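Open the model in a viewer and keep the selection tool at hand. The stops below follow one another, each with something to select.

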Amino acid sequence: MKKTLIAAAVMAVAAPFATQALARDTVNIVGSSTVFPFATTVAENFGRTTKFKTPKIESTGSGGGLKLFCEGVGVKHPDITNASRRIKGSEFDTCKKKGVKEIVEVKIGYDGIAIANAKEAVKFDLTPKDIFLGLAKDVPDPKGGDKLVANPYRTWKEVNPKLPDAGIEVLGPPPTSGTRDAFVELAMEAGCKQFDFIKAMKKQDKKKYKAICHGVREDGRYVEAGENDNLIVQKLKANPTALGIFGFSFLDQNIDKIKGSKIKGVKPTFETISSGNYPISRSLYFYVKKAHVGTIPGIEEYVKEFTSEKAWGDEGYLTDKGLIPLPKKERDKVAKSARAMEPMSKP
């Protein structure tokens with residue numbers, strides 16, 4: 001009798017999701033605009049070669065995708081979210097609080113962040129220090145001393161006499177984007193740390209240090225261009241004096257229209273990113289809600305397609321889209337864990 005009551009109670013809890021799931025037979029994916037073209041390519045292959053429907057994918061940005069993903073379990077919530085950075089501990093905790101207790105992490109490869117301009121425009125060779133001074137909200141006083149002032153620089157030549165005499169105008173991702181998170185951490189913070197008095201703040205006041213190093217100017221020199229990287233490419237073509245920030249894959253796909261700037265003398269290429277020589281490179285991920293596996297059809301099979309050698313391997317179809325693959329040994333390890341749906345630990 002007791003066992004019957006327990007079983008009935010479990011079924012009562014599970015029933016609403018199971019009933020709702022009948023209304024959805026398509027995998028729903030949200031998240032990173034950088035991972036979007038890779039996920040879309042896998043989804044189209046998956047829909048064409050299996051009995052399952054092509055997954056529905058929405059480009060919301062990494063932060064926006066993780067927010068939607070962590071809202072809860074059930075048919076109205078996404079099954080998978082793409083991210084161009086790793087999930088944060090705070091996001092992991094939010095997921096847990098809202099009932100998303102088992103998350104499967106799948107690291108898919110690497111990408112570089114390109115700072116590009118129109119093909120016919122002047123060439124740039126930037127350092128992280130140049131990037132910080134050009135784009136930070138507050139910078140060290142050009143007159144000297146350990147004092148911060150509102151960013152006064154209007155041209156790149158004012159930032160560094162070696163740079164072109166071009167106005168600072170940069171089209172880039174919004175705060176919800178993983179590309180923005182990675183850019184401020186890998187490029188701007190690296191430049192910020194060149195100043196000893198700011199670097200010393202990290203131990204004294206970490207919050208203040210982060211606000212300075214990650215704060216992007218809001219005076220119109222940095223223009224938030226949304227999550228549509230194709231729009232940035234179009235605007236760069238129309239405005240040769242502007243620079244744009246986006247994932248290497250978009251540079252690779254639009255190499256006939258735009259060119260990537262060198263960072264510390266290194267061009268963004270497949271080879272320099274995979275070797276680790278290009279300074280602004282990061283890992284790419286997607287996250288699976290384990291509670292939806294077995295209820296929403298096709299999740300396991302989609303993960304299997306994505307982690308197949310024909311997709312993400314050295315000669316896989318995703319390399320044609322600009323994905324830089326993980327080393328073979330790491331790919332095998334990630335694929336095994338992903339296909340077994342092993343939940344991750346808090347990062």
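How many bridges join S3 to strand S13, and do the two run parallel or antiparallel? Select residues 281-289, which form S13: four bridges join this strand to S3, and the two run antiparallel. Before going further, note that this is a predicted model, in which local features need pLDDT of at least 70, side-chain atom pairs count only at pLDDT 80 or more, and totals for chains, interfaces and linings use all residues. Residues are numbered from 1 along each chain as its sequence is written, and side-chain values use heavy atoms, with hydrogens and water left out.

**Strand S3**

Select residues 80-83, strand S3. Helices (H or I, at least four residues) and strands (E, at least two) are DSSP runs, numbered from the N terminus. Two strands pair if DSSP finds at least two bridges between them. Ile80 and Asn82 point one way from S3, while Thr81 and Ala83 point the other way, and all are buried. Buried means under 20% relative accessible area, exposed over 50%, and partly exposed in between (1.4 Å probe, protein chains only).

**Strand S10**

Next, select residues 243-247, strand S10, where five of the five residues are buried. S4 (residues 103-118) pairs with S10 in the antiparallel sense over four bridges, and Ala116 stands opposite Gly244 in S10. S8 (residues 170-172) pairs with S10 in the parallel sense over two bridges. There, Val170 stands opposite Leu243.

**Salt bridges**

A search of the whole structure finds 20 salt bridges. A salt bridge is a side-chain nitrogen of Lys or Arg within 4 Å of a carboxyl oxygen of Asp or Glu.

Select Lys137 and Glu218, whose side chains meet in a salt bridge at 3.6 Å, N to O. The pair links distant parts of the chain, 81 residues apart: Lys137 is in the loop between helix H5 (128-135) and strand S6 (138-140), and Glu218 is in the loop between helix H10 (206-214) and strand S9 (222-224). Lys137 is partly exposed at 40% relative accessible area, whereas Glu218 is exposed at 65%.

Move to Lys202 and Glu189, which meet in a salt bridge at 4.0 Å, N to O. Lys202 is in helix H9 (residues 201-204) and Glu189 in helix H7 (residues 178-192), 13 residues apart. Lys202 counts as partly exposed at 37% relative accessibility, while Glu189 is buried at 10%.

Then select Lys257 and Asp256, another salt bridge, at 4.0 Å, N to O. Salt bridges that share partners also join Arg85, Glu91 and Asp181 into one network.

**Two backbone angles**

Select Lys264, which has a positive phi of about 55 degrees although it is not a glycine. Lys264 is found in the loop between S12 and helix H13 (270-275) and is exposed, with a relative accessible area of 56%.

Is Met341 buried or exposed? Met341 also has a positive phi of about 55 degrees and lies in the segment after helix H16 (328-339), but at 4% relative accessibility Met341 counts as buried.

**Last stop**

Finish with Thr295, in the loop between S13 and helix H14 (299-306). The C-alpha atoms of Thr295 and Gly276 are separated by 40 Å, with the two residues 19 apart along the chain.
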